[in-house]
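Subject: The two-chain model, handed over with notes

Hello,

Here is the structure I promised to pass on to you.

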Amino acid sequence: MQTDLLQEARRQAEICNACRYCEGYCSVFPALHAERAFSDGDLTQLANLCHNCRGCYYACQYTAPHEFNLNLPQALANVRQDSWEDLAFPRAAGKAFQKSGVMIALAAVIGFALLFWAVRALATQGGEGFYAVLSHNAMVAIFLPAFLFPLFSIAISLRRYWRQVGAQRLKAVHLVRAFGQAANMRNLKGGHGDGCNFEDEDRFSQGRRMAHQAVMYGFLLCFASTSVATVMHYVLNMPAPYPLWSLPKLLGVSGGLLLVVGCVEMVRLKLRADTSLCAQGAFGGEIAFVGLLGFVGLSGLVLYGLGQTAAMPVLLALHLGSVLALFLLTPFTKMAHGFYRLAALAADSQRQ
Amino acid sequence: MTPAGTNPDVVVIGGGNAALCAAITAAEAGARVLILEAAPKPYRGGNSRHTRNFRCMHQGPLGPLVDSYTEEEYLADLLKVTGGKTHEGLARLAIRTSEACLPWMEEHGVRFQPSLSGTLSLARTNAFFLGGGKGLVNAYYRTAERLGVEVVYEALVTHLELDEDRINYVDYIRDGQTHRVTPKSVVVASGGFQADTDWLARAWGPAARNFLIRGTPYNRGVVLADLLAQDIAQVGDPTQCHAVAIDGRAPKFDGGIVTRLDCVPFSIVVNKDAERFYDEGEDVWPKRYAIWGRLVAAQPDQVGYVIIDAKSLNLFMPSVFPPIKADTLEELAGKLDLPAEALAETVATFNAACGDTSGFHPTELDGVATTGLTPPKTNWARPITEPPFYGYSLRTGVTFTYLGLKVDENAQCAIGDRPIRNLWAAGETMAGSILGQGYLAGFGMTIGTVFGRIAGKEAAAHAN
Ligand SMILES: Cc1cc2nc3c(=O)[nH]c(=O)nc-3n(C[C@H](O)[C@H](O)[C@H](O)COP(=O)(O)OP(=O)(O)OC[C@H]3O[C@@H](n4cnc5c(N)ncnc54)[C@H](O)[C@@H]3O)c2cc1C
Ligand code: SF4
Ligand code: SF4
């Protein structure tokens, strides 16, 4: 990892440790105050506990122009970003995509191209609905590896993370606590329930928490929709297409709507927020990632709406292409943060 | 609400806690309020931006505070630190009103935190601000803006024109130009004069030039001097200030809380000739924190050096700068610019005077003392033997000055024995009306909140 970023985070963490005014904002400070000296692993853990709510920046009496030049949200964001690149498997992919909006867009385009090619080359012999465009077997052949590879990659990264931060053996209770905190985004409430300081300097608002909830639950609903459909297909022998009042459709449509609204709001907030409090150079990558996620949701909804028209094959290729890119990029984009954050919360719960 | 412009109902001078409490209260009473703050926006909030808690009376559990803290107990704590130099009537008023302040603060955006690590002993008496004083100040500015209060930053008030028993106008400098406003009421909340080193040096002697100022560089006492020159009633004397010993490497201004050093009880402290000069183990540190400012101020070059060894390093809160570290005392003396032989001698004499250390207990008066040593060390006296050795330099850090405006229970200023009809004062600038000397942690914010609100209410009532 980059030693200059770690050194800067260490310098700031030591000042915070002498101050302690921000203790109640989030999980970072109690963890920070438990140490006296900060190893690289400690800093990586603190960085992944931080979710850039900025409460500690606007409340800090030592921000620039003060010579102590505190900007803990950015110092931690830099280490966090660097840790995601460094812990990625393969590492080169982390370096290539995390910060690069261009590379993420390129990946999406390749995803589209691949699907268009597949539609052409693997033209189906019969089949209903979408399967008339691309056979179920072809879809599985493409998406099963695209689903399994990221899981494998993330598993390796999390193992690396666990070693790096020096956490102990994982127990179920740690995971329960971590999921509990993630589910209601306790930390995003800012310690006092007023939310975070994101889009309008020191004004507290629930905006970012709401947007994040929408994105997360939207994504999970879409994912659930696909999972339910898979079960219906293989276990219950009920292949697609499904009517509106079926579980996959209900989950998919509501999830898609939440996802799109959440992504639009997230981009809006990010454009208003002060970028000097984010990781340096990561803005393009983040916006591109949220864009890709939103596109997955939007193309899914449009596909649902225009599924009976001549535009369907093109829409299907676009949607599946973006899903493919999203899956494959999961370990190498902002998408990975959810996994690291859970790991950080689980490791943190060992302290309690 | 119409903008306050040049003839607002109320002008509030200053932009810290007392000023904001006054401005919010006046605006809620319907007044058009203008805040004139000398600092630029990033540095707004004076010393208040460095605070962390306020001391609050309460009959039962209240907000983050546990148990109860009665008026009598609060007053007793106050009398102990001021050695009786307290205006009891105003002190009781501040104490009694503090209980209603806490919910008022919450209603106006201030958030408190559950008791902090390392400060559990204060969980009953002091409520800690989430995010510290700057978080509090930010919340008040948001509230004030919402109420239509107008804020001008970088507005240095230079003169209040007194005509008999009323302030006619207020002059301030902004962008190199003098501006004049003619408010109906004026609240002064512009702190002490500690950031004016010349004034400190006049009062204290040239040694004061070596003092560090823990808080804002903007509290230079300009308004205070202007009013005192017009014979407005004063209280306290200019030689009194609250000063503590802080890390000698701290910046001249605004170093704040993180420059605090808590290691003195586990150390020996020497002057630049490597001689000890006071009992480092006299009492637990919070009780001795404030006298070390004066002790260091009395040493040559106003500097002291704390020497500890490896076994004491983890017994106190970390501070902003890491200690100077060396494997031998000789090397440490070199790094601290102390005479090496003298230091070796002082440490050897001290070590020889240490006795049985088995009763050592870092958080209690353990009676582990030296014998036959002058000055003695009466607690926590353990020989300094275990390398690496560590050193910090100490300097005097001034928190605030006591000289101020004399006010009555309405926070109103006076000339001779007549009240000035439209002038009120709140916060540090009138704290001397209550405390003649000494200081009780968290009482500064209590005074500012209580008298800020009183001043705001009275100023608005007068304007209507
Ligand atoms: C490091 C530190 C920590 C502290 N911690 C605590 C604590 O935890 N609890 C506590 O109760 N007290 C604490 N204190 C003391 C506390 O800061 C003061 O008692 C309190 O903040 C005083 O508030 P105030 O509004 O009167 O003054 P300030 O907050 O100092 O405000 C004065 C304002 O006046 C402005 N000003 C000055 N001159 C002019 C002028 N000529 N024209 C216009 N504006 C002017 C300044 O810019 C400033 O905004 C601490 C002090 C320091 C230095
Ligand atoms: S961010 Fe600033 S105010 Fe908060 S704990 Fe760190 S140094 Fe203190
Ligand atoms: S930005 Fe928010 S989450 Fe991160 S350390 Fe600061 S207060 Fe905690």
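Helix α8 (residues 136-164) of chain A gives the largest share of a nonpolar surface patch, namely 4 residues. (Helices here are DSSP runs of H or I with at least four residues, strands are runs of E with at least two, and both are numbered from the N terminus.) The patch covers about 410 Å² and is made by A:L144, A:F147, A:L148, A:L151 and A:F223. Patch members have over 30% relative accessible area and no salt bridge; like charges are joined within 9 Å, and nonpolar side chains (Val, Leu, Ile, Met, Phe, Trp, Tyr) within 5 Å. Accessible areas come from the Shrake-Rupley method with a 1.4 Å probe, and for residues only the protein chains shown count as cover. A:F223 sits in helix α10 (residues 207-234) of chain A. A:F223 counts as partly exposed because its relative accessibility is 31%, where buried means under 20%, exposed over 50%, and partly exposed in between (1.4 Å probe, protein chains only).

Before going further, some housekeeping: this is a predicted model, in which local features need pLDDT of at least 70 and side-chain atom pairs count only at pLDDT 80 or more, while totals for chains, interfaces and linings use all residues. Residues are numbered from 1 along each chain as its sequence is written, chains are lettered from A and ligands numbered from 1 in the order in which they are written, and side-chain values use heavy atoms, with hydrogens and water left out.

Now to the domains of chain A. Chain A is divided into domain 1 (3-83) and domain 2 (90-351), with bounds from an automatic or database domain assignment. Their contact takes 27 residues from domain 1 of chain A and 35 residues from domain 2 of chain A, contact being heavy atoms within 4.5 Å. The centres of the two domains, taken over C-alpha atoms, are 28 Å apart. The size of an interface is often given as the accessible area lost when the parts come together. For domain 1 and domain 2 of chain A the buried area is about 2600 Å², with 48% from carbon and sulfur atoms; buried area is the accessible area (1.4 Å probe) that two parts lose on being put together, summed over both. On the domain 1 side of chain A, the residues that lose the most area to domain 2 are A:R54, A:Y58 and A:Q81, together 26% of what that side buries. The count of salt bridges between these two domains is 0, a salt bridge being a side-chain nitrogen of Lys or Arg within 4 Å of a carboxyl oxygen of Asp or Glu.

What about the interface between the chains? Here 36 residues of chain B are in contact with 30 residues of chain A. The two chains bury about 2700 Å² between them, and 52% of that is on carbon and sulfur atoms. B:L130, B:R142 and B:P318 supply 21% of the area that chain B buries against chain A, more than any other three residues. The rule finds 4 salt bridges across this interface. B:R142 also forms a salt bridge with A:D200, with the closest N and O atoms 3.5 Å apart.

Chain B has its own pair of domains, domain 1 (10-196 + 402-463) and domain 2 (245-397). Their centres over C-alpha atoms are separated by 36 Å. In this pair, 5 residues of domain 1 are in contact with 4 residues of domain 2, and the area buried is about 380 Å², 56% of it from carbon and sulfur atoms. B:H50, B:R52 and B:A195 of domain 1 lose the most area to domain 2, together 80% of what that side buries. The rule finds 1 salt bridge across this interface of chain B. B:R49 and B:D254 meet through their side chains in a salt bridge (3.9 Å, N to O).

A few backbone details may interest you too:

- The peptide bond from A:A64 to A:P65 is cis, with omega near 10°; A:P65 is in the loop between α4 (55-58) and α5 (72-87) of chain A.
- The bond from B:T374 to B:P375 is also cis, with omega near -15°.
- B:D301 is not a glycine, yet has a positive phi of about 60°. B:D301 is partly exposed because its relative accessible area is 41%.
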